[in-house]
Amino acid sequence: MATRPVYLISARNTSFQRAHFSIFVPSATNPDRGTKIHAVGAPMAGYVLEFKRNYNPSLDPHDQTFPIGQVRSSDIVDSPDAAPSIDSTPRGKIELAATQIPTPGINQNFMAPVNDVRNMILYGDIV
């Protein structure tokens with residue numbers, strides 16, 4: 001059974017900013033590019049799941065990648081073309097599994113201090 005690596009991406013613009021986490025699955029034909037799986041949005045509007053296809057983490061100076069494991073190649077569906085794109089339609093079992101995790105809704109108390117544990121965002125951000 002063939003496997004492919006999976007990476008955690010941690011990104012933040014400044015050292016005092018919360019980190020944003022995502023999953024990166026490299027393409028079988030070009031391991032520098034692949035699919036980035038993450039939630040995007042804001043506490044006052046809520047979040048949605050997004051798939052960035054043909055994404056290259058080395059082109060974003062804020063992205064740090066960390067290997068976190070291997071998955072079966074049969075559970076991944078690569079983008080059929082080389083053009084970068086963004087969508088919310090899952091392809092393959094890995095992306096389908098990501099849709100099973102609910103993204104955070106609107107935080108009614110988004111102006112509260114970020115160090116208050118009750119107001120931490122549990123998907124994608126950490127203090």
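This note goes through an aromatic cluster and one valine in the structure above.

1. The model is predicted, and local features are given for pLDDT of at least 70, side-chain atom pairs count only at pLDDT 80 or more, and totals for chains, interfaces and linings use all residues. Residues are numbered from 1 along each chain as its sequence is written, and side-chain values use heavy atoms, with hydrogens and water left out.

2. Two aromatic pairs are counted, where rings of Phe, Tyr and Trp (its six-membered ring) pair if their centres lie within 6.5 Å, and planes under 30 degrees apart count as stacked, over 60 as edge-to-face and the rest as tilted. Tyr7 and Phe24 make a tilted pair, with 6.4 Å from centre to centre and 45 degrees between the planes. Because Tyr7 lies in strand E1 (residues 3-11) and Phe24 in strand E2, this pair ties together parts that are 17 residues apart in sequence; strands (E, at least two residues) are DSSP runs, numbered from the N terminus.

3. Phe24 also pairs edge-to-face with Tyr55, at 6.5 Å centre to centre and 65 degrees between the planes, and Tyr7, Phe24 and Tyr55 form one aromatic cluster. Tyr7 counts as partly exposed at 24% relative accessibility, whereas Phe24 and Tyr55 are both buried (buried means under 20% relative accessible area, exposed over 50%, partly exposed in between, with a 1.4 Å probe and protein chains only).

4. Val25 is found in strand E2, residues 19-26, and counts as buried because its relative accessibility is 4%. Leaving aside neighbours within four places in sequence, Val25 is in contact (heavy atoms within 4.5 Å) with Pro5, Val6, Gly34, Thr35, Ile76 and Ile94.

Conventions
Helices (H or I, at least four residues) and strands (E, at least two) are DSSP runs, numbered from the N terminus.
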